[in-house]
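Reader: I would like a close look at one part of this model, namely its salt bridges, taken slowly and with the confidence of the prediction kept in view.

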Amino acid sequence: MRVVPAAAQSFELRSLIGGIYLPALFFGIGQWMIIPAIPQFADELGASVFVSGLIFAARGAGSMVGDVPSGLLTSRLGGRVTMTTGVLLTAVTAAAMGFSSGPVLLGLFTLLNGIAFALWHVSRLAYMTETVPVEYRGRALSLVGGVTRVGFFAGPIIGGVLGTFGGLETVFFAQAAVVGVAAILVATRLPQARAGEAGTPERAPVSLRSVALAERRSLIVAGSVAVALVLIRHGRQFLIPVWGREALDLNPFEIGLIFGLASAIDMVMFYPVGMVMDRWGRKWAIVPSLVVLSASLLLMPLTGGFGSFLLVGLLSGFGNGLGSGAVMTLGADLAPLDAAGEFLGLWRLVGDVGAVAAPPVVGGLAAVLTLGTAAAATGGIGLLGGGVMLLLVRETLTRSSGGDRASPG
């Protein structure tokens, strides 16, 4: 019989409902409320299509700019303070976006909104890395991925209704309101971290350069897996509507239906996937996720109509669901005990490279070659990432009778 560490015996996932999961739900809804509204509001303020694209990209750029500083702040100020600050800054910048009088101000506040998102994301992950026992980490972080997916599903619908009937600026004010509720929950319901953990500010600062050098193998090798998974996910989001419209001449309702059904499959998988990661290991989720996502993109050029494309879309939703919380869990496992905040800031930056690179990489391949070739090449990147995870990344789920954190090599 496996001996369960005392820390794991005393931990309950429900202790994170008020301080982590409900805020993540509100934050996710608010985040996905404004993302479709940003380019539309930029156009309403008089921006050209090119400028609207720059404004839309500013949020991702802000997230990348904020990743590493967020890790440093988490180590110095503690998880509760940093998370609360990040959520409050998100609310303030969202309201400012709604009050923007021109494209320049909208772009500036969108950039700051992305920085605030990084502050929230990195500090939350660092807090959970140090407070959730390794035996629960897969479930705990897959639940974060799951509630975020609920926001991805519900946010655009709510934002679309508000934007249609109340004006696009009301979408940003609504994000400020729901994220404000999240800030109150974080400030009042987040369990107190133990002294010396990433959730508390007592630890001595660690040099970012020394962390990057000491953990360079994890950041390069395992980081390439994170880049592949994030890139193929974002490539999928780009390719499904473009292939449906350009290659199959599907109407917006048909494409939206495929997206919605794929998202439904994606959403229901997060807890079973967390159980798999905690019982058998992280590779059992990450490798199948990359393989199935890749298969869906490799099959995309073979589709000839709505029915076959729907099946491919559902397969992609299943593959995406298999990776629920996987990048966060892998990063949490790899984070060194004495520099979790610094490492996770770097880890988040590595993952953001995949998110930012996906649209131009896929679009560039489609422009130079063909859309089908772009889909196949993106699938190939996913298979390569799966091979690296299987062969070169050590399984990071380790247990000890003393309750220590995993210490992957």
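Which residue forms a salt bridge with Arg76, and how far apart are the closest N and O atoms?

Author: This is a predicted model, and the mean pLDDT of the chain is 86, with 92% of the residues reaching 70 or more. The partner of Arg76 is Glu342, and the closest N and O atoms of the pair are 3.7 Å apart, a value that falls inside the 4 Å limit for a salt bridge. Because Glu342 belongs to helix H16 (residues 340–368) and Arg76 to helix H4 (residues 49–77), the pair ties together parts that are 266 residues apart in sequence. Glu342 is buried, at a relative accessible area of 1%, whereas Arg76 is partly exposed, at 37%.

Helix H7 contributes to two further pairs. Asp278 and Arg139 meet in a salt bridge with an N to O distance of 2.8 Å, and this pair links helix H12 (residues 270–279), which holds Asp278, to helix H7, which holds Arg139, across 139 residues. Asp278 is buried at 3% relative accessible area, and Arg139 is buried at 16%. Asp266 and Arg149 likewise form a salt bridge, at 2.5 Å from N to O; since Asp266 lies in helix H11 (residues 252–267) and Arg149 in helix H7, parts 117 residues apart in sequence are tied together. Both Asp266 and Arg149 are buried. Finally, salt bridges with shared partners join Arg137, Arg139, Asp278, Arg282 and Asp333 into one network, and the count of salt bridges comes to 10.

Methods: Residues numbered from 1 in each chain as written. Predicted model: local features only at pLDDT ≥ 70, side-chain atom pairs only at ≥ 80, totals over all residues. Heavy atoms only, no water. pLDDT = per-residue confidence, 0-100. Salt bridge = Lys/Arg side-chain N within 4 Å of Asp/Glu carboxyl O. Helix = DSSP H or I, 4+ residues; strand = E, 2+ residues; numbered from the N terminus. Buried < 20%, exposed > 50% of the residue type's maximum accessible area, 1.4 Å probe, protein only.
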